[in-house]
Amino acid sequence: MNNKNIRSERRFQIFGNIVMIIISLCAVIPLILMVISSFTDNDALIRDGYSFTPHKWSVYAYTYIFSSGNSVPHAYMISIVLTLVGTAVGLTITTLLAYALSRRFLPGRGVLTFIVFFTMLFNGGLVPTYINYTTVFGIKNTFLALLVPSLMLNAFNVLMMKSYFVTGIPDEIMEAAYIDGANEFQAFFRVALPLAKPIVATIALFIGIGYWNDWMNGYIYLTKRTDLYSVQNLLNRMIQNIQALTQNASTVSQATQGLATIPSVSVRMAMAVVGVLPIVIVYPFIQNNFVKGITLGGVKG
Amino acid sequence: MKKRVLAVVLTGVMTAAMLAGCGAGNSDSTSDTPAADSGSGESTAASSAGTTAAGSEDLKDVNGYPTTQDAIDAIQERKDSGSYPTLVVGFMNFAGTPKGIERISQKISERTEETLGVDVELQIMDMASYAQNMNLMLASGEQMDLFNAVSVGFSPCVNKGYLYDMYEDDLFAKYGQGIAVVVPEQYLYADVVGGGFYGITSQKEQGQGLFGISIAQQYLDGIGYDYNSMYENDGDEWIYTDYDTITDIFKQLHEKYPDKTVFMTDKGTVVGQCMPVDAIGGDYFGSLLDPMNSLTVEDLFSSDQYMEICKQMYQWNQAGYFSKDALTDTTGTTPAVKAGSLMAYKTALKPGIKAQESNLCGQPMVMFQIGRENFSASNTCNSMPWCINSQTEDPVAAMQLLNAFYTDPVLSNLLCWGEEGVEYQKTDDGHITFADGVDASNSEYYNNVNWEMPNQFIADIWEGNDLDVWEKTATFNEKCDVSKGMGFIFDNSEVASEYTALTNVYTQYRDQLELGFENPEKLIPEMESALKDAGLETYMQAKQEALDAWAKDNGKE
Amino acid sequence: MARAVNQPVMSKAKKKSLMKRSIPIYIMALPGLLYLFINNYMPMPGIVLAFKNYNAKKGIYGSPWAGFKNFKYLFATSDAFIITRNTICYNLVFILVNTFFAIFVAIILSELTSKWKKAYQSVILLPYLLSAVIISYLVFAFLSPENGFINNSILKPLGREAVSWYQKQEYWPFILVFVNLWKGIGYSCIIYLSTIIGFDRGYYEAAAIDGATKWQQITHITLPLLRPTIIMLTLMAVGRIFYSDFGLFYQVPQNSGALLPVTNTIDTYVYRGLLELGDISMSAAAGVYQSMVGFVLVLGANLLVRKLDPDSALF
């Protein structure tokens, strides 16, 4: 290391930090507005609009969410269990499939990859999928309806991971493992998987976010069991209803009555905060895996 | 063909029966309906002669409505068999499946086991998901015997074959006798399409007072406006007035309260709620501009009427009476009044409206009407009809259950209000109200969608409404100007491309014009040419042809 | 297929050992493939809906054929050009802008040593977690003509006239690109970041010893190593070039009619048209159309990639 290098390094660090601070501010300012709105008096919101410095503060939105028969704590439980189970199962089958597709010697690898990729472009559509899950598998109004359809594994994640296995894990390392007498499973668990930690953590995050944010499955498959609603289902139900009401005011003149009964602006914002909060709390722990990934990479080199 | 003949015969017989029941009037006028009688249920309806249609004697069901031997036999057969079929009933509300749904289903079943020999399972979905879920359930053939087609769309349901034809096997004649008494004839057969009888309208106001303006009383008092002397009769709910008077009020309001928005209207409702124009066939791409007298499909957007209403709105908007956010607002009018940011808004008028709006706004409201037109458009009865699923396993039971929903006050109360003593209780003066310790937020069954229920007229009346609100509504319905095209629906699948394009064009211009943000003199010609490009003429022609054919079939010259 | 050519001709013994090695791999792939079979391939025959006149009594497969009638509305009018143009142009710009910024941010993050690094990473991911409707409210909070933050707190103090944002087409291409970037950058940046983290640090150390500057390290090591990932992500994005994020184009502009010429995409056009029609065959047709175009484009692009850089091709 010479002086020129150290200077260029320092310059880069200053530049990098400034850029990231700007980008982070861009990302976070609207969210701060969201949090402030959720603590703003609802009438003030309607009257004055959203503001960083509201005239009147209120915790009504949160008392409403947590007290009225909405059972948010229960919905949290559903969301958490769903996300944990879904991520565990989804990550397992995604990783296994991606690894399989990354093995160059595998006969039919190209065809299999294409089979996976094809699902990214074509699907049967909502109605056939619905009929498949309700009449063939009968999972309507069950927990499985939240867990299984569409979220568990998607081609994008598989191909991302496959590409990481192909490029990020040198063949020599795998060959060395075989020479040491490892079978395919051992090679996968002892060599490939630890080296793939960054991508495994990333995909876990993606699958987890997918489950946490999903409302579509509940929207379509839960028509009776509202006790299975996740946080996002509750949130989206409210928001969609408002949307539907404003849209249909022309066809259903009674819609305005409905609008008046549905919780108002500050509650929508509070619901969004309630929905995002857990990820904000959990994310730093997932990040630790990225850090570990770095150290491992170092050892490897 | 056979069905159509049958339909005509049946209609004739029904009319005859009803005339006998009510005694007077001629079949063409709108005033001969027994709607007023049905309000009080058993006593009056029982006197109607009724049931000659199916050739049986003077049979009555548990609620005193005419019935037939077939119906009685069917009930007996189910009871004898020992196992009651379960019928699934679907409708929509604003807040999703209520907590008490199982219990209410249970209570309804207790009653229907006794009177009909069936069990009932309710499925209540919220507005946002109802159309989607219903479409999926109907398409996949899940059990859903009886449902309200609101927001799913009556016309698409008919076109896709989701609905059971109640003329088939004389289903309606044999098992729907009570409905024929309860629902006024001019509205009852409004959902006959191409000779098939697919739906029955719910009992609600079947028209609306056009161009109603609702203004918060406190602001009128604030500018010292003497509205009390403006009522024509004692007990009138609204004041008849004109555009200039309202403009004058708005001007004074704006001067006195410059920080508040004067006026707001829900998007997309201006034409429908202010003009006696019939969106025949479900859209404005070809409308009836003189719907009481003519069945000619004309272009609304190039008409003087449309130009005039847009100009009126433009004048108000330019004077600063609208919020600048009106184009994108999602708050709704009544919450804005409640929050104190809005003083007046447009609403459709009907009996009971004053109490309803005052309640929603949390303060007394004064209602005005510009002009005095009460209009019943052709789609009035097919916006929320009750329908039997074409794939139901037991159409007879479904028809009988629907009949019971229209005639049995016990069932109607359960559907509308829930369980007495749990959700609601009777007050001393004959109203009902929340049970002790219950309110709108913690009630386990409070749907607030009684207009969608088959017959809210026979249910108890909530506190704050006049006890005679349904009699008034029945009178109101009789007095409405009914569109000549009442009952026509348009299968636009052959011109779907044009429809899609036209909808997109209309979306582009609608709110700017109808909320007065742009000068109509300038923008309407622009929209006109865009609509022409999108195929307005082709679409209108297709609609006119369908309407002509319909008119011929239904003897409307 | 291309790989097979690279393999030397196999002896019998080798083939046998290949089978032996392959069986465990197939077993690993099985659960995932099974899932794809259930979730994606079993409903796939439903695509025929797009070519049917659907009638509930006859069911999906029993309904009469309609040929290409259900597709007509996608092409029949003058709007077809606008919605296709909007969809493709926005997607191309999104691919370019998002890829550039995602790589830019990922590289900075991977090289930063400050303790704030973790915080940056979490914060830029946050917008991705919000639903489109909430985002539309936040955008509205800034752009509302009456109470909006920009009109009231920025333009007014500067003595500038308020702008009716939801009526002015000219701003929206920029607003939409920005919102899309704001929402998506955290997500796509993570993919690149995890790839960069996986790179062998040895390359960088060697380069540093040779006196390479940071910039040189980035252009000579990081970017070339990232190439396969960039190509793959771009290929996948190309496959969805006829799709658009409904929330972004419908909710965020608040369905404002005046903006339609610059916000109408295939998805929003279809949605508006079918909202009341509720025709499942026609919506299926739109999906098939979008998929077909994407499919053809991806096959073409992949072919090109395979010619230029066989290792980066998708399949």
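**Reading the chains and their contacts**

Author: Happy to. In chain C, among contacts between residues at least 6 apart in sequence, 70% join residues at least 24 apart. Two residues are in contact if their C-beta atoms, placed from the backbone, lie within 7 Å. Before we go on, this is a predicted model: local features need pLDDT of at least 70, side-chain atom pairs count only at pLDDT 80 or more, and totals for chains, interfaces and linings use all residues. Residues are numbered from 1 along each chain as its sequence is written, while chains are lettered from A and ligands numbered from 1 in the order in which they are written.

Reader: How many helices and strands are there in chain C?

Author: Helices (H or I, at least four residues) and strands (E, at least two) are DSSP runs, numbered from the N terminus. Chain C has 15 helices and zero strands. Chain B, by contrast, comes to 22 helices and 18 strands.

Reader: Why is strand β7 of chain B largely enclosed?

Author: Nine of the nine residues of β7(B), residues 208-216, are buried, so the rest of the structure largely encloses this strand. Now for its partners: two strands pair if DSSP finds at least two bridges between them. β7(B) pairs in the antiparallel sense with β12(B) (residues 342-349) over five bridges, and with β13(B) (residues 365-370), also antiparallel, over five bridges. B:Ile215 is bridged to B:Ala344 in β12(B) and to B:Val366 in β13(B). With β14(B) (residues 374-376) there are two bridges, again antiparallel, and B:Gln208 stands opposite B:Phe375 there.

Reader: Which residues have the most contacts inside the largest nonpolar core?

Author: A nonpolar core is a set of buried Ala, Val, Leu, Ile, Met, Phe, Trp, Tyr and Cys residues joined through C-beta atoms within 7 Å. The largest one has 341 residues, and B:Ile215, B:Leu401, B:Leu502 and C:Ala106 have the most contacts inside it. Helix α4 of chain A (residues 72-102) gives this core its largest share, 12 residues.

Reader: How many residues does each chain bring to the contact between A and C, and to the one between B and C?

Author: Chain A brings 90 residues and chain C brings 80. On the chain A side, helix α1 (residues 3-38) gives the largest share, 18 residues. Where B meets C, there are 34 residues from chain B and 32 from chain C. Here α20(B) provides the largest share of the chain B side, 13 residues.

Technical notes:
Buried ≥ 20, exposed ≤ 12 C-beta atoms within 10 Å, placed from the backbone.
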